[in-house]
Amino acid sequence: MRTRTMITGGTVAAAVLTAMTGFATAQSPAARAVPVCKESAVKVRASGSGTPGVLRIGFTNTSARTCAVDRLPTVAFGDLDGAAQPVPPADSAPYKLAPGRAAYAAVRTAPGPGTDGEDAKVVDTVRVAADPSHTGREFAFPGTRVWEPVTTWWHPSRAKADNALRKALG
(Lines give C-alpha, C1' and ligand atoms only; values in the text may rest on other atoms or scores of the structure.)
Protein backbone atom coordinates (compact mmCIF):
# COMPACT_ATOMS: atom_id res chain seq x y z
CA MET A 1 0.00 0.00 0.00
CA ARG A 2 1.36 3.43 -0.97
CA THR A 3 1.10 6.40 1.30
CA ARG A 4 0.20 9.67 -0.32
CA THR A 5 1.47 12.94 1.00
CA MET A 6 -0.87 15.81 0.68
CA ILE A 7 0.78 19.08 -0.36
CA THR A 8 -1.24 22.22 0.12
CA GLY A 9 -0.79 25.53 -1.68
CA GLY A 10 0.63 27.08 1.50
CA THR A 11 3.24 24.34 1.80
CA VAL A 12 4.35 24.83 -1.81
CA ALA A 13 4.53 28.60 -1.40
CA ALA A 14 6.62 28.25 1.77
CA ALA A 15 8.99 25.79 0.06
CA VAL A 16 9.39 28.05 -2.99
CA LEU A 17 9.95 31.14 -0.83
CA THR A 18 12.56 29.34 1.26
CA ALA A 19 14.35 28.10 -1.84
CA MET A 20 14.26 31.52 -3.51
CA THR A 21 15.49 33.32 -0.39
CA GLY A 22 18.36 30.89 0.05
CA PHE A 23 19.29 31.18 -3.63
CA ALA A 24 19.22 34.98 -3.60
CA THR A 25 21.35 35.16 -0.48
CA ALA A 26 23.91 32.67 -1.74
CA GLN A 27 24.02 33.63 -5.43
CA SER A 28 23.09 37.30 -5.70
CA PRO A 29 25.83 39.50 -7.21
CA ALA A 30 24.86 42.18 -4.70
CA ALA A 31 25.68 39.76 -1.89
CA ARG A 32 29.22 39.33 -3.26
CA ALA A 33 29.82 42.93 -4.40
CA VAL A 34 32.96 44.75 -3.33
CA PRO A 35 32.54 48.50 -2.84
CA VAL A 36 34.08 50.88 -5.37
CA CYS A 37 37.25 52.45 -3.99
CA LYS A 38 36.71 56.02 -2.87
CA GLU A 39 38.98 58.41 -4.74
CA SER A 40 40.51 59.48 -1.42
CA ALA A 41 41.45 55.82 -0.81
CA VAL A 42 43.68 55.45 -3.87
CA LYS A 43 47.11 56.89 -4.56
CA VAL A 44 47.62 57.36 -8.32
CA ARG A 45 51.08 57.51 -9.96
CA ALA A 46 52.48 58.05 -13.45
CA SER A 47 56.04 57.97 -14.77
CA GLY A 48 58.04 57.55 -17.92
CA SER A 49 59.08 54.02 -18.78
CA GLY A 50 62.38 54.70 -20.50
CA THR A 51 60.75 53.82 -23.83
CA PRO A 52 59.68 56.84 -25.91
CA GLY A 53 55.91 57.08 -26.18
CA VAL A 54 55.25 54.74 -23.24
CA LEU A 55 54.13 55.71 -19.74
CA ARG A 56 53.68 53.59 -16.65
CA ILE A 57 50.74 54.26 -14.39
CA GLY A 58 49.64 52.71 -11.15
CA PHE A 59 47.52 53.04 -8.09
CA THR A 60 47.62 51.77 -4.53
CA ASN A 61 44.61 50.99 -2.34
CA THR A 62 45.40 53.09 0.75
CA SER A 63 42.19 52.12 2.57
CA ALA A 64 41.82 49.44 5.24
CA ARG A 65 39.33 47.43 3.12
CA THR A 66 39.37 45.57 -0.16
CA CYS A 67 37.71 47.73 -2.78
CA ALA A 68 37.34 47.76 -6.55
CA VAL A 69 38.03 50.08 -9.45
CA ASP A 70 37.28 49.52 -13.12
CA ARG A 71 39.69 47.03 -14.72
CA LEU A 72 40.29 49.64 -17.45
CA PRO A 73 42.32 52.69 -16.35
CA THR A 74 41.12 56.13 -17.44
CA VAL A 75 43.95 58.03 -19.14
CA ALA A 76 43.27 61.40 -20.81
CA PHE A 77 45.73 63.74 -22.54
CA GLY A 78 45.85 67.52 -22.04
CA ASP A 79 42.81 69.18 -23.58
CA LEU A 80 42.24 66.43 -26.17
CA ASP A 81 38.87 64.66 -26.33
CA GLY A 82 38.67 61.00 -25.38
CA ALA A 83 40.92 58.66 -23.49
CA ALA A 84 43.38 55.87 -24.22
CA GLN A 85 41.63 52.77 -25.54
CA PRO A 86 42.14 49.43 -23.76
CA VAL A 87 44.22 46.68 -25.33
CA PRO A 88 42.90 44.12 -25.67
CA PRO A 89 39.47 45.73 -26.13
CA ALA A 90 37.19 45.00 -23.19
CA ASP A 91 34.07 46.05 -21.38
CA SER A 92 34.02 47.58 -17.97
CA ALA A 93 34.35 45.18 -15.02
CA PRO A 94 35.55 45.43 -11.42
CA TYR A 95 39.20 45.02 -10.48
CA LYS A 96 39.48 44.18 -6.77
CA LEU A 97 42.48 45.27 -4.74
CA ALA A 98 43.29 44.40 -1.14
CA PRO A 99 44.43 47.08 1.32
CA GLY A 100 47.97 48.30 0.66
CA ARG A 101 48.22 46.49 -2.68
CA ALA A 102 49.08 48.20 -5.98
CA ALA A 103 48.05 47.70 -9.61
CA TYR A 104 49.86 48.82 -12.76
CA ALA A 105 49.14 49.57 -16.42
CA ALA A 106 51.29 50.59 -19.38
CA VAL A 107 50.17 53.31 -21.78
CA ARG A 108 51.42 53.86 -25.31
CA THR A 109 50.84 57.50 -26.19
CA ALA A 110 51.98 57.26 -29.84
CA PRO A 111 53.82 54.78 -32.07
CA GLY A 112 57.58 55.23 -32.48
CA PRO A 113 59.25 58.13 -34.33
CA GLY A 114 58.38 58.37 -38.01
CA THR A 115 55.24 56.24 -37.64
CA ASP A 116 52.87 58.62 -35.89
CA GLY A 117 52.10 60.77 -38.93
CA GLU A 118 50.93 64.33 -39.10
CA ASP A 119 47.88 63.61 -36.95
CA ALA A 120 49.92 63.39 -33.73
CA LYS A 121 49.13 66.08 -31.17
CA VAL A 122 51.48 67.35 -28.49
CA VAL A 123 50.26 67.76 -24.90
CA ASP A 124 51.97 68.72 -21.68
CA THR A 125 49.76 66.88 -19.18
CA VAL A 126 48.25 63.46 -18.68
CA ARG A 127 45.31 62.79 -16.34
CA VAL A 128 45.08 59.33 -14.77
CA ALA A 129 42.15 57.90 -12.80
CA ALA A 130 41.88 54.41 -11.30
CA ASP A 131 38.14 54.42 -12.00
CA PRO A 132 35.98 56.48 -14.40
CA SER A 133 33.95 57.75 -11.43
CA HIS A 134 37.12 59.46 -10.12
CA THR A 135 38.43 62.87 -11.21
CA GLY A 136 41.96 61.48 -11.27
CA ARG A 137 45.30 63.19 -10.92
CA GLU A 138 47.05 65.34 -13.50
CA PHE A 139 50.75 64.76 -14.22
CA ALA A 140 53.15 67.00 -16.17
CA PHE A 141 54.69 65.27 -19.20
CA PRO A 142 55.75 68.20 -21.41
CA GLY A 143 55.98 67.46 -25.13
CA THR A 144 54.08 64.16 -25.01
CA ARG A 145 53.09 63.10 -28.53
CA VAL A 146 49.62 61.56 -28.69
CA TRP A 147 48.19 59.56 -31.56
CA GLU A 148 45.83 56.60 -31.11
CA PRO A 149 46.80 56.07 -27.44
CA VAL A 150 46.19 52.69 -25.83
CA THR A 151 46.37 51.36 -22.27
CA THR A 152 46.59 47.90 -20.79
CA TRP A 153 44.19 46.70 -18.15
CA TRP A 154 45.36 46.86 -14.52
CA HIS A 155 47.96 44.20 -13.65
CA PRO A 156 49.49 43.10 -10.33
CA SER A 157 53.04 44.13 -11.37
CA ARG A 158 54.82 46.62 -13.63
CA ALA A 159 56.47 43.77 -15.51
CA LYS A 160 53.10 42.16 -16.31
CA ALA A 161 51.70 45.50 -17.51
CA ASP A 162 54.77 46.11 -19.72
CA ASN A 163 54.55 42.58 -21.11
CA ALA A 164 50.81 42.97 -21.81
CA LEU A 165 51.49 46.15 -23.81
CA ARG A 166 54.31 44.50 -25.81
CA LYS A 167 52.11 41.49 -26.53
CA ALA A 168 49.06 43.58 -27.50
CA LEU A 169 51.04 45.75 -29.91
CA GLY A 170 52.95 42.83 -31.44
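Which residues have the most contacts inside the largest nonpolar core? In this predicted model, they are Ile-57, Phe-59, Phe-77 and Trp-154, within a core of 25 residues.

**View 1. The whole chain, with its helices and strands.** The protein has three helices and ten strands in its secondary structure. Read from the N terminus, the elements follow the order α-α-β-β-β-β-β-β-β-β-β-β-α. Of the 170 residues of the protein, 34% count as buried. Among the contacts between residues at least 6 apart in sequence, 70% join residues that are at least 24 apart.

**View 2. The largest nonpolar core and a second core.** The largest nonpolar core has 25 residues, and Ile-57, Phe-59, Phe-77 and Trp-154 are those with the most contacts inside it. At least two residues of this core come from each of β1 (42-48), β2, β3 (67-70), β4 (74-77), β6, β7 (102-108), β8 (121-129) and β9 (137-146). A second, separate core has eight residues, with Val-54, Val-87, Tyr-104 and Ala-161 among them. In soluble globular proteins, nonpolar side chains tend to be buried together.

**View 3. The surroundings of Phe-59.** When its neighbours within four places in sequence are left aside, Phe-59 is in contact with Val-42, Lys-43, Val-44 and Arg-45, among others. The contacts of Phe-59 also include Val-69, Leu-97, Arg-101, Ala-102, Ala-103, Ala-130 and Trp-154. Trp-154 is itself one of the residues with the most contacts inside the largest nonpolar core.

**View 4. Tyr-95 in strand β6.** Tyr-95 is placed in strand β6, which covers residues 94-97. Because its relative accessible area is 17%, under the 20% cut-off, Tyr-95 counts as buried. Leaving aside neighbours within four places in sequence, Tyr-95 is in contact with Cys-67, Ala-68, Val-69, Asp-70 and Arg-71, and also with Ala-103, Trp-154, His-155 and Pro-156. The C-alpha atom of Tyr-95 is separated by 9.3 Å from that of Val-36, although the two residues are 59 residues apart along the chain.

View 5. Five strands form an open sheet in the order β1-β2-β7-β10-β5, and their pairing is mixed. The edges are taken by β1 and β5 (85-86), each of which has a single partner strand, so one side of each is left without a neighbour in the sheet. Strand β5 and strand β10 (residues 150-151) run parallel and are joined by two bridges. In this pairing, Pro-86 stands opposite Thr-151 in β10.

**View 6. The largest pocket and its lining.** The largest pocket holds about 180 Å³ of space. Its lining is made up of Ser-49, Thr-51, Pro-52, Val-54, Arg-56, Arg-108, Ala-110, Asp-162, Leu-165, Arg-166 and Leu-169. These lining residues divide into five nonpolar, two polar and four charged. Both β2 (54-61) and α3 (158-169) supply at least two residues of the lining, and α3 gives the most, with four residues.

**View 7. Asp-162, a residue of the pocket lining.** Asp-162, which is part of the lining of the largest pocket, lies in helix α3. Asp-162 is buried, with a relative accessible area of 13%. Beyond its neighbours within four places in sequence, Asp-162 is in contact with Arg-56 and Ala-106, and Arg-56 also belongs to the lining of the largest pocket.

Methods: Residues numbered from 1 in each chain as written. Predicted model: local features only at pLDDT ≥ 70, side-chain atom pairs only at ≥ 80, totals over all residues. Heavy atoms only, no water. 1 Å grid on protein atoms, 1.4 Å probe; cavity = no way out; pocket = protein on both sides within 12 Å on 5 of 7 lines; lining within 4 Å. Points joined across faces, edges and corners; volume = space filled by probe spheres on them. Nonpolar A, V, L, I, M, F, W, Y, C, P; charged D, E, K, R; others polar. Buried < 20%, exposed > 50% of the residue type's maximum accessible area, 1.4 Å probe, protein only. Contact = heavy atoms within 4.5 Å. Core = buried A, V, L, I, M, F, W, Y, C linked by side-chain atoms within 4.5 Å. Pairing = 2+ DSSP bridges.
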